[in-house]
Amino acid sequence: MEPAVWNNKDASSSKTLVDARDHPLDQLTPAEISRASAAVRRHAAAAGVTGALRFNTIMLQEPPKAELLAYQQRRGPRPERRALVWVLNPPCGDFYEAVVALPEGVAAAAAAAADVVRAWTKVEGVQPTTTPDDCSLAEHIIMADPRIRQLLAERYGITDPDLVVFDPWSLHGTPEQYKGRRLMQGYLYVRTCKEDNEYAHPLDLCPLVDLNLGKVIHVDMYDAPAVMPPTLVNYHRDLAKATTGQEWRADMRPINITQPQGPSFSIEGNLISWQKWHIRVGFNAREGLVLHQVGWQDGGRLRPVLHRASLSEMTVPYGDPNYPYIRKCAMDCGDYGMGLTANSLALGCDCLGHIKYFDGVVSNAQGEALVIPKAVCVHEEDAGMLWKHTDTRLGHVEVRRNRRLVLSQVSTFANYEYGMFWYFYLDGTIQLEMKLTGILSTSVSDLTAKDLPFGITVAPGVVASNHQHLFCVRIDPAVDDADGGKGLVVAEVNAEPLPFGPDNPHGNAFRVTETPLLSVHSAMRMAKPEAGRAWKIKNPAVINPITGQPVSFKLIPQTNCPMLMQPDSLVGKRAFFAQKHLFVTPHVDGQLYAAGDHVVQSEDCLGLKQWTKEDKSLLGADPVLWYSFGVTHLPRLEDFPVMPVETVGFMMKPYGFFTWNPTLDVPPERNEASREELTPAARSGAAGMRARL
């Protein structure tokens, strides 16, 4: 049977990500965000909602998958453009979710009559994202609070509030007396000057803020005030020398990356084409960078690989059992939003080479659009050797250089940065690499403390606690299936040694077993590196003519770790997605976030835990994979005052998707810009040779 083909004629224009609405998956434009917030205001007033509205999130509600595929294949109309709006009514403590229809091609003057609120729901028992505006509000409330100022003066002699820095955190574990209220907690630090690293000077004050009431309702502190850590440990370019006692390194010569003929990729609207890959770029407030409709151009056919892929959720639980640090557990995607916290990337610093940027569009508390310039970076880079062989009999060498397309985004969550790097390779490999950097979240201790059970002293009186970074990626595959993946089967692959016996008389044999995962419960799996465990996503409807087996892609774990918190702990309940490395569920529109739509102050998982209660069949169910991976971070002195990047991720490789190495058509080349660095003697000899010639 021939591989499935996606229609790739629905070309986008050359507009930027901000301006384009050429495809149903393009993010909302600034004008659409304004229209959505205006429609919600009108509807709320008509529904009798009194008091000021505080907008939380406005983003595209993606079309149902079936509608999108029908449109893509010319079998159905263009899906209706819709905005998903989360909005708060702080005076009443109410939270509403709205879906707004935004007809296309409507003049601004006619939008009020055309835009329709399709759904309006009062959502009970949950809290939406704590946005950057919420974090700023919490900081303002705390720094204006008379009791906080009094405690700073009495316990630390601090009378200048401008020196105090507040790190806002969502609340992990709401005290019983405060349940149902919209809260944030904060950890306080001090700077000795504007550029000083505040994490070298933690304080023992942890205020609790009610955002709706606009006041501090509780303050946690040590029984006796700790001594403020005095040591200056800085990374800022103007202060680093005082920390290291050294000048800048003198031997850092420039490495310039140039492409005189321009990049090998082309971009039309939000559709990227590069070396047979086609990727549609999306962006939203919750997940940040989203990959849509990833396919491989095979001659005149565009073969589907992924329908959608994104970072669905993550959790950063801390391992200190002491109060108030038991409340320290970030679920950054749901708590703060990967898109809302995205950086504007800098040319020549964050991204090297010939760069194409996409802007991101999010919203603020007033329902206005905010454009994040250069939120997503696209470039290609050398990736070392692709393949090589020396035929010693002929004295002939064939070698090819590898390269990869990079789509990247970096988000800042108070102290930490997370870089999301999607790589696409010439041989059909897809890789996600999360890059962890930023600054350790610290707490104060005795200045002489050395041997700590749950962390490490990184400076006198400064403690960095042990913690984990656990990520969950949602993968909606479409391996050679133009219908979006309905017929796909997920199977587990293990390598197993054979015992001595008639089939293995010399003890050297091992075999590969492949087990189809045919139900939700059987597909809840852990990685097993000693068995080379991986998971194949197969399309039984498309058979490879060489192997006689279904074409497939293989999800291959890389460095990974289990969640170390107890399954029945609050972390274990909320971050249920991290209790296994793999889940597979039937596709359901709207099931996008592993821990649920709303995780702030949650007490259980409202996502995968609910969706996997029933042992549903996965046959013909359009399976969606949820892959969790992470790293256990045991801080070290070398991670302070700023942490060198640590990486973690996974790969997806074609497995019988092609009939041979798909890079045989990569042409041989010699990089003419490369130069050999000769020793002084060799340089002298070469100069003499040139003189004689």
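Modeller: Let us begin with the elements: helices (H or I, at least four residues) and strands (E, at least two) are DSSP runs, numbered from the N terminus. This is a predicted model, in which local features need pLDDT of at least 70 and side-chain atom pairs count only at pLDDT 80 or more, while totals for chains, interfaces and linings use all residues. Residues are numbered from 1 along each chain as its sequence is written, and side-chain values use heavy atoms, with hydrogens and water left out.

Colleague: Where does P641 lie, and which residue does a cis peptide bond join to P641?

Modeller: P641 is placed in the loop between β29 (623-633) and β30 (643-655). The cis bond joins F640 to P641, with omega about 10°. Another cis peptide bond runs from Y323 to P324, with omega near 5°; P324 belongs to the loop between β13 (301-317) and β14 (329-330).

Colleague: How is a sheet read, and what is the strand order in the open sheet of 10 strands?

Modeller: Strands of a sheet pair through backbone hydrogen bonds, either parallel or antiparallel. Two strands count as paired if DSSP finds at least two bridges between them. Here the order is β15-β16-β17-β18-β19-β30-β27-β26-β24-β25, with antiparallel pairing. Its edge strands, β15 and β25 (510-516), each pair on one side only. Between β15 and β16 (residues 369-391) there are 7 bridges in the antiparallel sense, and G360 has I372 in β16 as its bridge partner.

Colleague: Which strands form the open sheet of 4 strands?

Modeller: That sheet has the order β5-β6-β7-β8, again with antiparallel pairing. At its edges are β5 (164-169) and β8 (215-220), each pairing on one side only. Strands β6 (residues 183-190) and β7 (residues 206-210) are joined by 3 bridges, and the partner of L183 in β7 is D210.

Colleague: Is R74 buried or exposed?

Modeller: Buried means under 20% relative accessible area, exposed over 50%, and partly exposed in between (1.4 Å probe, protein chains only). R74 is exposed, because its relative accessible area is 51%. R74 also has a positive phi, near 65°, although it is not glycine, and lies in the loop between α2 (65-72) and β2 (82-89).

Colleague: What is the phi of K276, and where is K276 placed?

Modeller: K276, likewise not a glycine, has a positive phi of about 80°. Its place is the loop between β10 (271-274) and β11 (277-284). K276 counts as partly exposed because its relative accessibility is 34%.
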